[in-house]
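Let's take a friendly walk through a protein model, one feature at a time. Keep the structure open beside you as you read.

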Amino acid sequence: MVRLNDDLMEALHAVRSLNLTNWSIAAGAVRSAVWDQLHGYTVATPLDDIDVVYFNAEVLPENDQQLEQQLRAIHPKLNWEVTNQANVHHWFFAEFGQKVEQLSSLVHGISTWPEYATCVGITMAKDDSIEVIAPHGLNDLFTMLVRHNPSRSDVETFLR
């Protein structure tokens, strides 16, 4: 399904060119690509953004903006949002006023997102193979089930 989505494939190539060691395109971009195909849509649902997540405990949050600028230079038609999962606890407090535990890995970060169907990421290796990161499995994604993941967000955040 990923390979049938030209924008997603171009996005994977663009992110891979940054040479991050631990990264993924995730959340809505993946969910929408799968759900579009399951619905039989011939035109992809326009994406608000392409969520790029990575994990590096040694870089500051400002690095995310630099990576977004690099991705815009490579592929300007896509709206990029880059987030280092190692710094999410700072962002979560600033955004929602909630103190949360620091994440320990990329997979840990993906596993905490508000909705199980979006707790899925994809990455592309140097040989163009695609790896799927799905800490809660793929059932909700492929059955198009929207349900709250309580591991980090409360119901109010999920509903937003």
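## A histidine in helix 4

His89 is found in helix 4, which covers residues 88-96. Keep in mind that this is a predicted model. Is His89 buried or exposed? With a relative accessible area of 16%, His89 is buried, because buried means under 20%.

Now look at what surrounds this side chain. The side chain of His89 reaches the backbone oxygen of Ala86 at 3.5 Å. The side chain of His89 also makes a polar contact with the side chain of His90, at 3.1 Å. Leaving aside residues up to four places away in sequence, His89 touches Val100, Glu101 and Gln102.

Five of them form an open sheet, and reading across it gives the order 3-2-1-4-5, with mixed pairing. Which strands stand at the edges? They are strand 3 (80-84) and strand 5 (130-133); each has a single partner strand, so one side of each is left without a neighbour in the sheet. From one strand to the next, the twist averages 30°.

Helix 2 (residues 28-39) lies across strand 1, strand 2 (50-54) and strand 4. Helix 2 runs at about 50° to strand 1.

## Strand 4 and its two partners

Strand 4 and strand 5 make a hairpin with five residues between the strands. Within this hairpin, Asp128 takes a positive phi near 70°.

## The largest pocket

How much space lies in the largest pocket? The answer is about 930 Å³. The pocket is lined by 31 residues, and the closest to its centre are Ala27, Asp51, Glu81, Trp91 and Pro114.

Helix 2, strand 2, strand 3 and helix 4 each supply at least two residues of it, and so does helix 7 (155-159). Helix 4 is also where we began, with His89.

Key:
Residues are numbered from 1 along each chain as its sequence is written. This is a predicted model: local features need pLDDT of at least 70, side-chain atom pairs count only at pLDDT 80 or more; totals for chains, interfaces and linings use all residues. Side-chain values use heavy atoms; hydrogens and water are left out. Two strands pair if DSSP finds at least two bridges between them. Helices (H or I, at least four residues) and strands (E, at least two) are DSSP runs, numbered from the N terminus. Axes are lines fitted to C-alpha atoms, for helices over the stretch in contact, and angles run from 0 to 180 degrees between N-to-C directions. Contact means heavy atoms within 4.5 Å. Buried means under 20% relative accessible area, exposed over 50%, partly exposed in between (1.4 Å probe, protein chains only). A polar contact is a pair of N or O atoms within 3.5 Å; within protein, one must be able to donate a hydrogen and the other to accept it, and residues adjacent in sequence count only if both atoms are side-chain atoms. On a 1 Å grid over the protein atoms alone, a cavity is a set of points where a 1.4 Å probe fits but cannot get out, and a pocket is an open set with protein on both sides within 12 Å along at least five of seven lines; lining residues have an atom within 4 Å of a point. Grid points are joined across faces, edges and corners, and a volume is the space filled by probe spheres set on the points.
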